[in-house]
Amino acid sequence: APHYRTLSQPALVEPAGALRVVPAAGMKLADWNKLLHDLGLRVIDGPNDAGAYAVVPVGSAASSASALRRLRADRDIRLAEPVDNTP
């Protein structure tokens, strides 16, 4: 798959284990990057119209369930939810 996406292409289909995350508007980019790094997550899509990013665990060391708990506990995260790929 290419490492880029044009604006005319539809949004990516999030893989299993993906999380949808909305950081607070005032969250600094450095803090967002540190949080993602500390949790072993990487952004695969976003932001969408609601400001949500799709993130996935990097490697086998990271777990979606533990990352979700930690994201929900962070004061700078407005929303964190698992992505449900069921039709």
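## The buried side of helix α2

In this predicted model, the buried residues of α2 are Ser-64, Ala-67, Leu-68 and Leu-71. Around the helix axis they cover an arc of only 100 degrees, which puts them on the same side of α2. The face turned away from that buried side carries the exposed residues Arg-69 and Ala-73.

Several elements contribute to covering the buried residues of α2, and these include the helix α1 (29–39) together with the strands β1 (19–23), β2 (41–45), β3 (53–57) and β4 (77–82).

When neighbours within four places in sequence are left aside, Leu-68 is in contact with Leu-19, Ala-80, Glu-81 and Pro-82. For one of these residues, Ala-80, the separation from Leu-68 is 12 residues in sequence, while the C-alpha to C-alpha distance is 6.5 Å in space.

## The N-terminal end of α2

The N-terminal end of α2 is capped by Ser-63, from which a side-chain oxygen lies 3.3 Å from the backbone nitrogen of Ala-65.

Most peptide bonds are trans. The bond that joins Gly-46 and Pro-47, however, is a cis peptide bond, with omega at about 0 degrees. Pro-47 itself lies in the loop between β2 and β3, and both of these strands are among the elements that cover the buried residues of α2.

Conventions
Residues numbered from 1 in each chain as written. Predicted model: local features only at pLDDT ≥ 70, side-chain atom pairs only at ≥ 80, totals over all residues. Heavy atoms only, no water. Contact = heavy atoms within 4.5 Å. Buried < 20%, exposed > 50% of the residue type's maximum accessible area, 1.4 Å probe, protein only. Helix = DSSP H or I, 4+ residues; strand = E, 2+ residues; numbered from the N terminus. Arc of directions from axis to C-beta. Polar contact = N/O pair within 3.5 Å; in protein donor to acceptor, adjacent residues only side chain to side chain.
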